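My entries follow in the order I made them.

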Amino acid sequence: MGVLPADPDDSLPDGARRRSSRPRRGLVLGAGGSLGAAWTIGALCALEEASGWDPREADVIVGTSAGSLVSSMLAIGVTAADLRDHQRGIVPTTGGMQGVEVDYDTWVGGALPRIPRPGVGSLRLLRDLVGHPHRMPFATILAAAAPTGRGSLSGVRDLYHQMQMDDRWPDNPALRVVSVDLDTGMRVQFGTPEAPAADLASAVTASCALPAWFEPVRIDGRRYVDGCAWSDTNLDLLAGEGLDEVYVLAPTCARETDHPRGVATRLERRLRRGSTSRLLREARQVRSMGTRVHVLVPGPDDLVAMGANLMAPQHRLTVLETSLRTTKAFLQTPQTQLG
């Protein structure tokens with residue numbers, strides 16, 4: 001377990017922060033595939049135990065890709081403990097996941113994608129970016145250039161069907177599910193007034209539709225892909241929200257790495273460095289508005305458990321149990337500050 005360092009200019013005067021009887025808190029859960037979701041659930045359980053704060057009570061909950069799955073469950077009232085137990089194969093007899101059955105090893109099609117369709121994802125977006133490639137993140141350009149995936153997220157949609165959330169949006173106004181319009185390259189926060197109306201199943205599968213792996217999801221006649229086609233966490237969306245503090249769980253980032261020997265694993269760790277650099281920039285942006293930002297990321301033991309492929313289901317329970325242990329140990333260290 002690791003935590004990214006606080007920004008040097010994070011010590012703003014008390015008057016610069018919103019004062020209230022109850023702090024306004026945000027929760028940001030980032031991308032990370034099947035293993036990132038397992039790590040996030042373990043970290044959430046440890047965070048709740050250490051802080052006494054129920055993440056379901058966040059004033060704003062932002063979820064991207066795998067983080068949108070976990071965020072949506074919290075937003076409809078499922079506890080972090082129930083999510084943990086469900087990952088372990090224990091189907092709750094009460095609560096929001098009562099009777100819900102999911103085969104986490106097969107629900108997104110396994111550890112490897114199908115061969116994508118030939119061609120590029122969005123010629124329109126590539127044409128629009130000619131001469132102005134820097135107006136969007138490099139990840140968005142890659143999404144436009146990538147071939148269209150053939151994978152299905154029907155297993156994820158079935159989860160929401162069992163919970164009767166495949167034809168409506170939850171009553172909780174805190175939830176925001178981030179996706180990217182494949183043909184304009186613009187971010188969309190489903191659940192906000194500016195976004196197209198969507199049911200929860202469609203919004204979450206859109207946020208999880210990794211380019212070149214899964215088919216884009218159509219909502220209101222437009223094609224949407226994974227929110228990580230803009231940012232792995234989209235933390236910057238909370239700048240100016242008037243929040244007192246934000247907790248960020250970012251399974252694709254790292255402060256310290258392990259020392260893998262395999263080529264694929266070393267490449268994955270290099271990609272983590274890029275994700276971490278962007279997260280730090282976004283954190284500085286939010287902190288500059290007077291909001292405290294607490295960022296939890298995997299540590300070396302977590303990375304060893306994850307390996308190179310965040311979609312590999314055979315490592316899921318190992319990642320979950322490791323996250324529970326490492327996050328708890330980290331949050332119990334004297335130097336850790338949660339408030």
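Is Ser-65 buried or exposed? At 8% relative accessibility, Ser-65 counts as buried (buried means under 20% relative accessible area, exposed over 50%, partly exposed in between, with a 1.4 Å probe and protein chains only).

A note on the source: this is a predicted model, where local features need pLDDT of at least 70 and side-chain atom pairs count only at pLDDT 80 or more, while totals for chains, interfaces and linings use all residues. Residues are numbered from 1 along each chain as its sequence is written, and side-chain values use heavy atoms, with hydrogens and water left out.

**Entry 1, annotated positions.** I checked the unreviewed UniProt entry, whose "active site" annotation covers Ser-65 and Asp-226; such annotations may be inferred rather than shown by experiment.

I found Ser-65 in the loop between strand 3 (60-64) and helix 2 (helices, H or I of at least four residues, and strands, E of at least two, are DSSP runs numbered from the N terminus). Leaving aside neighbours within four places in sequence, Ser-65 is in contact (heavy atoms within 4.5 Å) with Ala-31, Ser-207, Cys-208 and Asp-226. Asp-226 sits in strand 7 (residues 222-226) and is buried at 2% relative accessibility. With residues up to four places away again left out, Asp-226 touches, among others, Thr-64, Ser-65, Val-180, Ser-207 and Cys-208.

I looked at residues 200-208 next. Nine of the nine residues of helix 7 are buried, so this helix is largely enclosed by the rest of the structure. At its start, a side-chain oxygen of Asp-199 reaches to within 3.1 Å of the backbone nitrogen of Ala-201.

I read off a volume of about 1,200 Å³ for the largest pocket. On a 1 Å grid over the protein atoms alone, a pocket is an open set of points where a 1.4 Å probe fits, with protein on both sides within 12 Å along at least five of seven lines; lining residues have an atom within 4 Å of a point. Of the 44 lining residues, Leu-210, Cys-228, Asp-232, Thr-252 and Leu-271 are the closest to the centre. Helix 8 gives the most to the lining, with eight residues.

Notes. Points joined across faces, edges and corners; volume = space filled by probe spheres on them. Polar contact = N/O pair within 3.5 Å; in protein donor to acceptor, adjacent residues only side chain to side chain.
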